[in-house]
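Here is a short briefing for a first look. Keep the sequence and the structure in view while reading.

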Amino acid sequence: MSPVADDEATGIHCRLDELLAERDMTLTRLSELVGVSIVNLSVLKNDRAKAIRYSTLSAICVALDCGVGDLLVRADA
Amino acid sequence: MVGVIGLVLLALLVAILVSLVRVVRAEPGGFGGRWVVDLARRLSLLAAVILGGLGILRAVSSLAGDSVEITMPVRTPYWPQPGVTNLIGPTARVTDGGFDSADVTVAGLSATARALWGAGLALQAVVVVTVCLLISASCQNLLRGNAFVPLIARMAGVAALVVLFGGLAAQVLQGIAGVMASSQVLTVTGWTAPTVDASAPETNWPFPAHFPPISWWPMGIAILLGAFAALIRYGERLQRDVEGLV
(Lines give C-alpha, C1' and ligand atoms only; values in the text may rest on other atoms or scores of the structure.)
Protein backbone atom coordinates (compact mmCIF):
# COMPACT_ATOMS: atom_id res chain seq x y z
CA MET A 1 0.00 0.00 0.00
CA SER A 2 1.52 3.36 -0.95
CA PRO A 3 1.33 6.13 1.65
CA VAL A 4 -0.38 9.50 1.36
CA ALA A 5 1.25 12.02 -0.90
CA ASP A 6 2.80 14.92 0.97
CA ASP A 7 0.18 17.36 -0.25
CA GLU A 8 -2.77 15.23 0.97
CA ALA A 9 -2.91 16.17 4.70
CA THR A 10 -5.40 14.05 6.63
CA GLY A 11 -5.78 16.41 9.59
CA ILE A 12 -4.97 13.58 12.02
CA HIS A 13 -1.67 13.21 13.88
CA CYS A 14 -0.53 9.84 15.20
CA ARG A 15 1.38 10.12 18.51
CA LEU A 16 3.05 6.73 18.10
CA ASP A 17 6.56 8.20 18.41
CA GLU A 18 5.69 9.93 21.72
CA LEU A 19 3.93 6.87 23.17
CA LEU A 20 6.80 4.53 22.21
CA ALA A 21 9.33 6.90 23.80
CA GLU A 22 7.26 7.11 27.02
CA ARG A 23 7.21 3.31 27.24
CA ASP A 24 10.79 2.86 26.11
CA MET A 25 9.58 0.54 23.35
CA THR A 26 10.97 0.19 19.84
CA LEU A 27 8.96 0.07 16.64
CA THR A 28 10.32 -3.43 16.04
CA ARG A 29 8.99 -4.64 19.37
CA LEU A 30 5.62 -3.04 18.73
CA SER A 31 5.52 -4.72 15.30
CA GLU A 32 6.06 -8.12 16.98
CA LEU A 33 3.32 -7.46 19.54
CA VAL A 34 0.78 -6.10 17.11
CA GLY A 35 1.49 -8.25 14.07
CA VAL A 36 1.75 -5.29 11.70
CA SER A 37 4.84 -4.80 9.56
CA ILE A 38 7.42 -2.19 10.55
CA VAL A 39 6.85 -0.51 7.21
CA ASN A 40 3.15 0.02 7.91
CA LEU A 41 3.80 1.17 11.48
CA SER A 42 6.31 3.63 10.09
CA VAL A 43 3.68 4.89 7.65
CA LEU A 44 1.33 5.37 10.60
CA LYS A 45 3.99 7.03 12.74
CA ASN A 46 4.86 9.56 10.03
CA ASP A 47 1.20 10.55 9.45
CA ARG A 48 1.28 9.08 5.96
CA ALA A 49 -1.52 6.56 6.46
CA LYS A 50 -4.86 7.23 4.79
CA ALA A 51 -6.87 4.69 6.74
CA ILE A 52 -6.45 2.29 9.66
CA ARG A 53 -8.26 -0.97 10.39
CA TYR A 54 -10.09 -1.20 13.69
CA SER A 55 -8.21 -4.41 14.41
CA THR A 56 -4.88 -2.63 13.95
CA LEU A 57 -5.99 0.33 16.08
CA SER A 58 -7.19 -1.98 18.85
CA ALA A 59 -4.00 -4.07 18.79
CA ILE A 60 -1.77 -0.97 19.02
CA CYS A 61 -3.80 0.47 21.91
CA VAL A 62 -3.62 -2.85 23.80
CA ALA A 63 0.13 -3.14 23.19
CA LEU A 64 0.75 0.45 24.36
CA ASP A 65 -1.94 0.32 27.05
CA CYS A 66 -3.48 3.56 25.89
CA GLY A 67 -6.75 4.90 24.54
CA VAL A 68 -7.58 5.74 20.94
CA GLY A 69 -7.56 9.44 21.83
CA ASP A 70 -4.05 9.09 23.21
CA LEU A 71 -2.85 7.62 19.95
CA LEU A 72 -4.74 9.73 17.39
CA VAL A 73 -5.25 13.51 17.79
CA ARG A 74 -6.25 16.30 15.49
CA ALA A 75 -3.31 17.72 13.61
CA ASP A 76 -4.48 21.30 14.02
CA ALA A 77 -5.03 20.98 17.77
CA MET B 1 9.00 -26.99 -43.55
CA VAL B 2 7.60 -29.89 -41.49
CA GLY B 3 11.12 -30.75 -40.27
CA VAL B 4 11.76 -27.15 -39.23
CA ILE B 5 8.47 -27.00 -37.34
CA GLY B 6 9.33 -30.30 -35.62
CA LEU B 7 12.71 -29.00 -34.52
CA VAL B 8 11.18 -25.78 -33.27
CA LEU B 9 8.56 -27.69 -31.27
CA LEU B 10 11.28 -29.89 -29.80
CA ALA B 11 13.31 -26.82 -28.84
CA LEU B 12 10.19 -25.27 -27.27
CA LEU B 13 9.57 -28.45 -25.28
CA VAL B 14 13.16 -28.51 -24.03
CA ALA B 15 12.93 -24.81 -23.10
CA ILE B 16 9.71 -25.48 -21.20
CA LEU B 17 11.25 -28.38 -19.27
CA VAL B 18 14.39 -26.41 -18.45
CA SER B 19 12.34 -23.40 -17.32
CA LEU B 20 10.12 -25.66 -15.21
CA VAL B 21 13.02 -27.34 -13.45
CA ARG B 22 14.81 -24.04 -12.79
CA VAL B 23 11.76 -22.25 -11.48
CA VAL B 24 10.58 -25.14 -9.26
CA ARG B 25 14.06 -25.47 -7.77
CA ALA B 26 14.21 -21.73 -7.10
CA GLU B 27 10.80 -21.54 -5.40
CA PRO B 28 9.66 -24.91 -4.10
CA GLY B 29 6.27 -23.70 -3.03
CA GLY B 30 4.22 -26.04 -5.19
CA PHE B 31 1.53 -24.99 -7.63
CA GLY B 32 -0.02 -21.59 -7.05
CA GLY B 33 3.21 -19.94 -6.02
CA ARG B 34 5.15 -17.16 -7.66
CA TRP B 35 6.94 -19.74 -9.75
CA VAL B 36 3.76 -20.45 -11.70
CA VAL B 37 3.40 -16.78 -12.59
CA ASP B 38 7.08 -16.52 -13.50
CA LEU B 39 6.83 -19.62 -15.66
CA ALA B 40 3.75 -18.25 -17.42
CA ARG B 41 5.64 -15.02 -18.08
CA ARG B 42 8.66 -16.78 -19.57
CA LEU B 43 6.60 -19.21 -21.65
CA SER B 44 4.33 -16.53 -23.03
CA LEU B 45 7.35 -14.45 -24.08
CA LEU B 46 8.93 -17.51 -25.66
CA ALA B 47 5.67 -18.36 -27.42
CA ALA B 48 5.35 -14.79 -28.71
CA VAL B 49 8.80 -14.94 -30.25
CA ILE B 50 8.55 -18.45 -31.67
CA LEU B 51 4.94 -18.44 -32.85
CA GLY B 52 5.23 -14.90 -34.16
CA GLY B 53 8.38 -15.75 -36.06
CA LEU B 54 6.88 -18.97 -37.43
CA GLY B 55 3.77 -17.13 -38.53
CA ILE B 56 5.74 -14.52 -40.41
CA LEU B 57 7.94 -17.22 -41.94
CA ARG B 58 4.90 -19.13 -43.18
CA ALA B 59 3.33 -15.95 -44.53
CA VAL B 60 6.48 -15.08 -46.48
CA SER B 61 6.96 -18.63 -47.76
CA SER B 62 3.38 -18.70 -49.05
CA LEU B 63 4.32 -15.84 -51.34
CA ALA B 64 7.85 -16.85 -52.23
CA GLY B 65 7.81 -20.65 -52.43
CA ASP B 66 6.93 -22.85 -55.42
CA SER B 67 4.10 -24.49 -53.54
CA VAL B 68 1.86 -23.44 -50.67
CA GLU B 69 0.53 -25.42 -47.71
CA ILE B 70 -3.10 -24.43 -47.60
CA THR B 71 -6.41 -25.61 -46.17
CA MET B 72 -8.75 -26.21 -49.08
CA PRO B 73 -12.50 -26.62 -48.47
CA VAL B 74 -14.73 -28.76 -50.69
CA ARG B 75 -18.37 -28.03 -51.42
CA THR B 76 -20.04 -31.02 -49.82
CA PRO B 77 -18.51 -33.64 -47.56
CA TYR B 78 -16.49 -35.79 -49.96
CA TRP B 79 -15.90 -39.49 -49.58
CA PRO B 80 -13.75 -41.12 -52.26
CA GLN B 81 -15.37 -44.03 -54.07
CA PRO B 82 -13.17 -46.97 -54.99
CA GLY B 83 -12.53 -47.36 -58.69
CA VAL B 84 -13.12 -51.10 -58.45
CA THR B 85 -16.05 -53.33 -57.52
CA ASN B 86 -16.21 -55.94 -54.77
CA LEU B 87 -13.65 -54.28 -52.50
CA ILE B 88 -12.15 -56.84 -50.09
CA GLY B 89 -10.96 -55.83 -46.59
CA PRO B 90 -13.30 -53.22 -45.07
CA THR B 91 -15.59 -54.60 -42.39
CA ALA B 92 -17.63 -51.42 -42.14
CA ARG B 93 -18.75 -48.76 -44.61
CA VAL B 94 -19.34 -45.03 -44.56
CA THR B 95 -23.01 -44.22 -44.92
CA ASP B 96 -22.84 -40.42 -44.61
CA GLY B 97 -20.36 -37.58 -44.25
CA GLY B 98 -16.83 -37.23 -45.50
CA PHE B 99 -14.04 -34.70 -45.83
CA ASP B 100 -15.11 -31.07 -46.00
CA SER B 101 -11.59 -29.70 -46.21
CA ALA B 102 -8.08 -30.91 -46.82
CA ASP B 103 -4.70 -29.61 -45.71
CA VAL B 104 -2.73 -29.89 -48.90
CA THR B 105 0.34 -28.55 -50.59
CA VAL B 106 -0.62 -26.84 -53.83
CA ALA B 107 1.62 -25.87 -56.71
CA GLY B 108 0.63 -23.35 -59.37
CA LEU B 109 -1.73 -21.39 -57.13
CA SER B 110 -2.53 -17.87 -58.33
CA ALA B 111 -0.71 -14.90 -56.81
CA THR B 112 -3.95 -13.48 -55.43
CA ALA B 113 -4.75 -16.69 -53.53
CA ARG B 114 -1.20 -16.83 -52.20
CA ALA B 115 -1.32 -13.20 -51.09
CA LEU B 116 -4.64 -13.66 -49.31
CA TRP B 117 -3.43 -16.84 -47.57
CA GLY B 118 -0.17 -15.13 -46.55
CA ALA B 119 -2.04 -12.09 -45.22
CA GLY B 120 -4.29 -14.38 -43.18
CA LEU B 121 -1.27 -16.17 -41.70
CA ALA B 122 0.37 -12.85 -40.81
CA LEU B 123 -2.82 -11.65 -39.10
CA GLN B 124 -3.02 -14.93 -37.16
CA ALA B 125 0.55 -14.37 -35.96
CA VAL B 126 -0.34 -10.83 -34.84
CA VAL B 127 -3.30 -12.18 -32.84
CA VAL B 128 -1.20 -14.85 -31.12
CA VAL B 129 1.65 -12.45 -30.33
CA THR B 130 -0.77 -9.87 -28.90
CA VAL B 131 -2.31 -12.39 -26.49
CA CYS B 132 1.10 -13.74 -25.47
CA LEU B 133 2.41 -10.23 -24.76
CA LEU B 134 -0.68 -9.46 -22.67
CA ILE B 135 -0.11 -12.60 -20.57
CA SER B 136 3.57 -11.75 -20.18
CA ALA B 137 2.89 -8.14 -19.13
CA SER B 138 0.18 -9.22 -16.66
CA CYS B 139 2.48 -11.77 -15.05
CA GLN B 140 5.34 -9.25 -14.93
CA ASN B 141 3.18 -6.72 -13.08
CA LEU B 142 1.85 -9.40 -10.74
CA LEU B 143 5.41 -10.40 -9.82
CA ARG B 144 6.19 -6.75 -9.07
CA GLY B 145 3.19 -6.57 -6.74
CA ASN B 146 1.18 -4.33 -9.09
CA ALA B 147 -1.50 -6.64 -10.33
CA PHE B 148 -4.01 -3.92 -11.13
CA VAL B 149 -2.47 -1.22 -13.28
CA PRO B 150 -4.25 0.85 -15.94
CA LEU B 151 -1.74 -0.29 -18.57
CA ILE B 152 -2.85 -3.92 -18.28
CA ALA B 153 -6.51 -2.93 -18.58
CA ARG B 154 -5.71 -0.94 -21.73
CA MET B 155 -3.62 -3.79 -23.15
CA ALA B 156 -6.45 -6.23 -22.50
CA GLY B 157 -8.90 -3.92 -24.27
CA VAL B 158 -6.60 -3.57 -27.25
CA ALA B 159 -5.98 -7.32 -27.29
CA ALA B 160 -9.75 -7.93 -27.32
CA LEU B 161 -10.10 -5.75 -30.43
CA VAL B 162 -7.07 -7.32 -32.11
CA VAL B 163 -8.38 -10.84 -31.46
CA LEU B 164 -11.91 -9.98 -32.63
CA PHE B 165 -11.05 -8.15 -35.84
CA GLY B 166 -7.74 -9.84 -36.54
CA GLY B 167 -9.07 -13.30 -35.83
CA LEU B 168 -12.17 -12.84 -38.00
CA ALA B 169 -10.25 -11.08 -40.77
CA ALA B 170 -7.63 -13.84 -40.80
CA GLN B 171 -10.37 -16.44 -41.17
CA VAL B 172 -12.03 -14.49 -43.98
CA LEU B 173 -8.77 -13.99 -45.88
CA GLN B 174 -7.73 -17.60 -45.44
CA GLY B 175 -11.21 -18.78 -46.25
CA ILE B 176 -11.30 -16.85 -49.52
CA ALA B 177 -7.82 -18.13 -50.37
CA GLY B 178 -8.96 -21.67 -49.62
CA VAL B 179 -12.02 -21.29 -51.83
CA MET B 180 -9.85 -19.93 -54.63
CA ALA B 181 -7.47 -22.86 -54.21
CA SER B 182 -10.42 -25.22 -54.17
CA SER B 183 -11.69 -23.72 -57.41
CA GLN B 184 -8.29 -23.76 -59.10
CA VAL B 185 -7.50 -27.34 -58.04
CA LEU B 186 -10.90 -29.02 -58.30
CA THR B 187 -12.76 -27.30 -61.17
CA VAL B 188 -12.92 -29.81 -64.00
CA THR B 189 -13.97 -28.69 -67.47
CA GLY B 190 -13.24 -31.91 -69.30
CA TRP B 191 -11.62 -35.31 -68.97
CA THR B 192 -10.42 -38.34 -70.84
CA ALA B 193 -10.36 -41.96 -69.79
CA PRO B 194 -9.06 -45.20 -71.31
CA THR B 195 -12.62 -46.60 -71.31
CA VAL B 196 -15.94 -44.86 -70.88
CA ASP B 197 -18.49 -46.17 -68.38
CA ALA B 198 -21.74 -44.23 -68.77
CA SER B 199 -23.05 -45.47 -65.40
CA ALA B 200 -20.07 -44.16 -63.37
CA PRO B 201 -19.76 -40.55 -62.03
CA GLU B 202 -17.76 -38.41 -64.42
CA THR B 203 -14.55 -37.90 -62.43
CA ASN B 204 -15.16 -39.06 -58.81
CA TRP B 205 -13.55 -35.69 -57.95
CA PRO B 206 -14.74 -33.49 -55.04
CA PHE B 207 -16.55 -30.31 -56.01
CA PRO B 208 -14.88 -26.95 -55.31
CA ALA B 209 -16.32 -25.01 -52.36
CA HIS B 210 -18.15 -21.74 -52.94
CA PHE B 211 -18.18 -20.32 -49.42
CA PRO B 212 -15.37 -20.24 -46.84
CA PRO B 213 -16.12 -21.72 -43.41
CA ILE B 214 -16.09 -19.16 -40.57
CA SER B 215 -15.62 -20.01 -36.92
CA TRP B 216 -16.67 -17.57 -34.20
CA TRP B 217 -13.98 -18.33 -31.63
CA PRO B 218 -12.41 -14.83 -31.99
CA MET B 219 -15.65 -13.37 -30.66
CA GLY B 220 -15.55 -15.67 -27.60
CA ILE B 221 -11.92 -14.87 -26.83
CA ALA B 222 -12.51 -11.13 -27.35
CA ILE B 223 -15.40 -11.23 -24.85
CA LEU B 224 -13.17 -13.01 -22.31
CA LEU B 225 -10.43 -10.42 -22.79
CA GLY B 226 -12.94 -7.61 -22.40
CA ALA B 227 -14.13 -9.16 -19.14
CA PHE B 228 -10.49 -9.43 -18.03
CA ALA B 229 -9.98 -5.72 -18.79
CA ALA B 230 -13.07 -4.87 -16.71
CA LEU B 231 -11.76 -7.06 -13.87
CA ILE B 232 -8.41 -5.23 -13.89
CA ARG B 233 -10.13 -1.82 -13.82
CA TYR B 234 -12.31 -2.93 -10.89
CA GLY B 235 -9.27 -4.21 -9.05
CA GLU B 236 -7.52 -0.92 -9.72
CA ARG B 237 -10.43 0.96 -8.11
CA LEU B 238 -10.38 -1.37 -5.09
CA GLN B 239 -6.64 -0.91 -4.78
CA ARG B 240 -7.06 2.89 -4.81
CA ASP B 241 -9.67 2.57 -2.06
CA VAL B 242 -7.23 0.76 0.25
CA GLU B 243 -4.20 2.84 -0.64
CA GLY B 244 -2.46 4.00 2.54
CA LEU B 245 -4.43 1.55 4.69
CA VAL B 246 -2.59 0.07 7.66
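Which residue just after H4(A) takes a positive phi? A:Asp65 does, at about 55 degrees. This is a predicted model: local features need pLDDT of at least 70, side-chain atom pairs count only at pLDDT 80 or more, and totals for chains, interfaces and linings use all residues. Residues are numbered from 1 along each chain as its sequence is written, chains are lettered from A and ligands numbered from 1 in the order in which they are written, and side-chain values use heavy atoms, without hydrogens and water.

**Helix H4 of chain A**
- H4 spans residues 54–64 of chain A; helices (H or I, at least four residues) and strands (E, at least two) are DSSP runs, numbered from the N terminus.
- A:Thr56, A:Leu57, A:Ile60, A:Cys61 and A:Leu64 are buried there (under 20% relative accessible area; exposed is over 50%, partly exposed in between; 1.4 Å probe, protein chains only).
- These residues sit on the same side of H4(A), because their arc around the axis is only 130 degrees (taken from the directions from the helix axis to the C-beta atoms).
- On the other side, A:Tyr54, A:Ser55 and A:Val62 are exposed.

**The aromatic pair**
- The count over all chains is one aromatic pair (Phe, Tyr and Trp rings, the six-membered one for Trp, with centres within 6.5 Å; planes under 30 degrees apart are stacked, over 60 edge-to-face, the rest tilted).
- B:Trp79 and B:Phe99 are stacked, with ring centres 5.5 Å apart and planes at 20 degrees.
- B:Trp79 is partly exposed at 39%, and B:Phe99 is partly exposed at 45%.
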